[in-house]
Amino acid sequence: MRNKQTGVIFFPAFDWAITPTHPEREERLLYTRDQIFEEGLLDMPEIAEFPPKLATIHDIARVHFCVPRVQSQVTEAHMIAAGAALSLGDSIIKGEIKNGFAMVRPPGHHAMRVVHGNRGFCNINNEAVLVEYLRRRYGIKKVAIVDSDVHHGDGTQEIFYHDPNVLFISFHQDGRTIYPGSGFTHELGGPGAFARTINIPLPPGMTDRTFHYVVDNLVLPVISDFQPEFIINSAGQDNHYTDPLGSMKFTAQGYAEFTRKLNPHLAVLEGGYAIETALPYVNMSILMALAGINFSNVREPDLAGNSFKENPDRFAQVQRMVEELLAVWQRRDQTDIEKIFGGGKFYQRKKYIYYDTDYIEEEQFEKVRICGACPGYLIIESKAHRGYGEPARVLAISIPIDACQNCQTEAYSWYDRGIQDKRQYNFVKLQDKSTDTCLSYDRDKKQEWKSEGPKPGV
Amino acid sequence: MYIGLDVGGTYTDAVLLEKGQVRAWSKVPTRQDLLTSLLESFDMIMTGVHADLIERVVLSTTMITNLIAEKKYDPVGLILIPGPGLDHSHYNYNTETCILSGAIDYRGREIVPLSPGEVEGALERMASLNYKKVAVIGKFSSRNNKHEKEVFKRIQQANLDWQVEMGHQVAGQLNFPRRVMSTLLTCATRDKYQFFTDSVLAALDNRGIKCPVYILKADGGTMPLKTSLAAPVETIFSGPAASILGVQALIPPGETAVVVDIGGTTSDLALILSGQPLLSSKGANIDGQMTHVRALAVKSVPVGGDSVVERVGREIILLSERIGPPYCMGGPMPTPTDALKVLGLTRLGDLNRAKEAMQILGGPLGMREWEVAARIMMLVTGTITSEIAGMFRSWEQEPAYRVWEVLQKKKVRPDTVVGVGGAASGFLTQIAAALDCYPVIPPYARVANAIGAAVARPTLQVSLRADTEQGTFSIQEEGFQGPIEDAPFNEDKALELARKWLWKRAEKYGLKDNLGDVEVIRKEVFNMVRDWVTRGKLIDVSVQTKRGILHYIGTGVDKGEK
């Protein structure tokens, strides 16, 4: 009986908000709580509720380069939201539950690898923290993340852009019409992870029909090819027809049916700001779908009064896009990578990142080592402008978990050089996932911090 | 002087307390005729005491528990208004159930109105099946009782001679299935319960006792016997609650302890954390269904002194059933009590027969009698200690919805293990050793339940919820819903109003004089922001009288005179 249960961690953070009237405020999950409690879902034998626990500083540092330090970017609420994902991940891997739903806030899918502040209501990427934890702790190799938020999951995409073992699929409202303005079809991953990032930008106004067309004809076939050991759903709910920020027309039934088809190991709540008209119903139906409870009677109060007509041209446009993306996926291993990304020792690109919540502008220069033996290490030079005063300059180096000897050595020498070059960087940081060690050097304080994960067998 | 009475399935226990000391106690078998057992108990403890000296009497009873377990009540028809959500096939309560369309949302707004035709149809159906008791429960009726009241009104208009209960009056908390169960059981047990209270009052009258009479609730608080008629299910599980309070009274204040009550077939386990008995986070589970009854957390383990012990292959195993008395007392099968006898830990039974029992189990395995007995001891204590560890774990596993709640979670471990009940003494030392605790068998452990009843205090709670955007407020415990008259409303006014209702409630229950301190146990305020503008507030506050007991026995601490 026990391993048939769905684990849920409900952490509404009733004492945490970005600002009192911000969409990400105390009230956000209040009506969801009322709905789920009144339905008595948590008493059902199919569902087990767990308390949240805190993620550690190191769990965060394994993913993010927080500037200046992890402690300055996260509040306890962030540690709890990320910790909820970890705790359910533990229970799923140990076979104590069949799947889980981290119904938590604050959300995380806009948080990128380098964190200067809050963007898109996110500081810490809960899904990414879980992925690195599962790899380190349980040796999980292949993970798929499907992002069903109306906003492009640009943070998650950025963190795993060069990672061939993490498949990231995001369908969302077209970036030309909504924050963060990215997530187009040509964003397909770096040279070492081509087509492991797939974006399906949807025209505004599309309904469950388009939603499920994309799921049936692209998302599910790609996942079944990829054969992940663990599937995560970034369960944003702002594609709902009542959402104040998005312009899509998905319903609670659409979300539940999607959850049933995807059958993820873990769903993590992301956005969704129709706190009265969508969240209580969508959260409930996702939980019921995960637990295998009949969800056909879940209905939004105003469902009948709404029109769900789609523009046929836009639907045809989505069909063509799905066809093309599926072809890209199927040809991924025959694609001439050099033709797209160029040859040489490094692939490099320039990025501009805007932090809407905290008004920070960041310039990034990203280099990834093209290595035949491993996915290659990553070097990021970041410069962040925040108001007046001097920008913060950061050099960050990330060594993947399966890095080869040579890449490890090279990466450490970049770190050492960064520290010696006193003019250039305020902070020099290194993540060595192959040994689960994180280093951080602060030029002005002339001090180095080091954190290590638990030793094997601990 | 206080009287505590515990009317159990087998024995009726009574104590007479005078200034925190046990003056007399008795233990008599519970007879079919309840009145006789009660009179017998009174006569034993009140020898030489005039009835006028008795200040109060508190009862605990398994009467309602047994009624429900044995299903000795008339059928109750259900009229449910669940609306959208969980599929209606889940609402299966083994009784005639009519489901009406109609829906209310979490803010108490009507989504779908009732259909008058359907209401008529449901009433006709119940009448045609000859139901005399009907429970009407709507989803979110605690936020808006309009639909329940409409159905109730139709039943009255139709002049049907039914006993009708409405969900919002029985249970104001969220959780529709639990509300259905609580309302159904309230409806089912009310008249039988009245019979019980009548015979208690007759017995008291017979002996000239005129003081206030209370009954213990599952949460360890008391309510006046007369007003308890409104909520008979609250008295379910008052038996275990009495034992726990008894232990609380018999150990030093503030201690963290495990209460182990080992009976013939089951052992009841409970926790006292820093001097306070632990309340169950979910409502009491009755007959496999959750309810809204607030209860102390009690874990029943199917292991006791009379459990059957068997040999299967080369293993000795403990079964959860009882076939008869222990072998050493003429029973058919070896039991843990026989092991206690062989190890010299009990005075009961015949030693030779106990040895024989061990021989039956261990002979073929080449084990000596004391080896078998030690093995059985290990099995019993192992089962109980792992359940205790599980209770602490699940207490730590309770959900937390706020940052500060997560941060303040602590690991607590007990200092003492307290044994009450017949077979506890034999096993206690070993259980305590396994948990690294002190074993304690308090004086009067045999009548701890009656002591618990005697020292219990009235508890009253009021939970107020106000929605200032809609201008309404409700009182959960009273099923009251009305408009806010004192606008602009705020947190302080909410607290003041809640206190006023607590006072009103105390008056209604005749408890005005011993209300004591009032504490705020919950205060939640949410700003409702729409389009970046605060439109109103949702305020949730709960106030209650301080939990606790009147006396700590034999310590000289007399809470009653404070």
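Strands and helices here are DSSP runs (E of at least two residues for strands, H or I of at least four for helices), numbered from the N terminus. This is a predicted model, in which local features need pLDDT of at least 70, side-chain atom pairs count only at pLDDT 80 or more, and totals for chains, interfaces and linings use all residues. Residues are numbered from 1 along each chain as its sequence is written, while chains are lettered from A and ligands numbered from 1 in the order in which they are written.

Strands count as paired if DSSP finds at least two bridges between them. S1(B) also runs parallel to strand S4 (residues 56-61) of chain B, again joined by six bridges; here Ile3(B) is opposite Val57(B).

In a regular strand, side chains alternate between the two faces of the sheet. In S1(B), Tyr2(B), Gly4(B) and Asp6(B) lie on one side and Ile3(B), Leu5(B) and Val7(B) on the other, and all are buried. A residue is buried if 20 or more other C-beta atoms lie within 10 Å of its own, exposed if 12 or fewer, and partly exposed in between, with C-beta atoms placed from the backbone. Because six of its six residues are buried, S1(B) is largely enclosed by the rest of the structure.

**Chain B as a whole**

Chain B contains 14 helices and 27 strands. Of its 562 residues, 47% are buried. Its C-alpha atoms fill a box of roughly 80 × 55 × 55 Å along the principal axes. Among contacts in chain B between residues at least 6 apart in sequence, 63% join residues at least 24 apart. Two residues are in contact if their C-beta atoms, placed from the backbone, lie within 7 Å.

Chain A divides into domain 1 (2-15 + 22-296 + 310-330) and domain 2 (344-452), with bounds from an automatic or database domain assignment. The C-alpha centres of these two domains of chain A are 27 Å apart. Their contact takes 26 residues from domain 1 of chain A and 30 residues from domain 2 of chain A. Helix H2 (57-61) and helix H5 (126-138) of chain A each supply at least two residues of the domain 1 side.

Between the chains, 36 residues of chain A are in contact with 35 residues of chain B. On the chain A side, strand S1 (6-11), helix H1 (30-39) and helix H4 (76-93) of chain A give two or more residues, and H1(A) gives the most, with seven residues. That side divides into 19 nonpolar, six polar and eleven charged residues. Here Ala, Val, Leu, Ile, Met, Phe, Trp, Tyr, Cys and Pro count as nonpolar, Asp, Glu, Lys and Arg as charged, and the others, Gly among them, as polar.

**Nonpolar cores**

The largest nonpolar core has 165 residues; Ile9(A), Ile286(A) and Leu464(B) are among those with the most contacts inside it. Apart from it lies another core, of 131 residues, which includes Tyr131(B) and Ile549(B). A nonpolar core is a set of buried Ala, Val, Leu, Ile, Met, Phe, Trp, Tyr and Cys residues joined through C-beta atoms within 7 Å. Not counting residues up to four places away in sequence, Ile286(A) touches Phe101(A), Ala235(A), Tyr255(A), Ala256(A), Thr259(A) and Ala267(A).

**Backbone details**

| Site | Feature | Angle |
|---|---|---|
| Arg105(A) and Pro106(A) | cis peptide bond | omega about 0° |
| Ala487(B) to Pro488(B) | cis peptide bond | omega near -5° |
| Tyr359(A) | positive phi, not a glycine | phi about 50° |
| Tyr444(B) | positive phi, not a glycine | phi about 60° |

Pro106(A) is in the loop between strand S4 (99-104) and strand S5 (114-115) of chain A. Pro488(B) lies in the loop between strand S25 (480-483) and helix H14 (491-508) of chain B. Tyr359(A) is in the loop between strand S11 (346-355) and strand S12 (360-369) of chain A, and counts as exposed because it has 11 C-beta neighbours inside 10 Å. Tyr444(B), in the loop between strand S22 (438-440) and helix H13 (448-455) of chain B, is partly exposed, with 17 other C-beta atoms within 10 Å.
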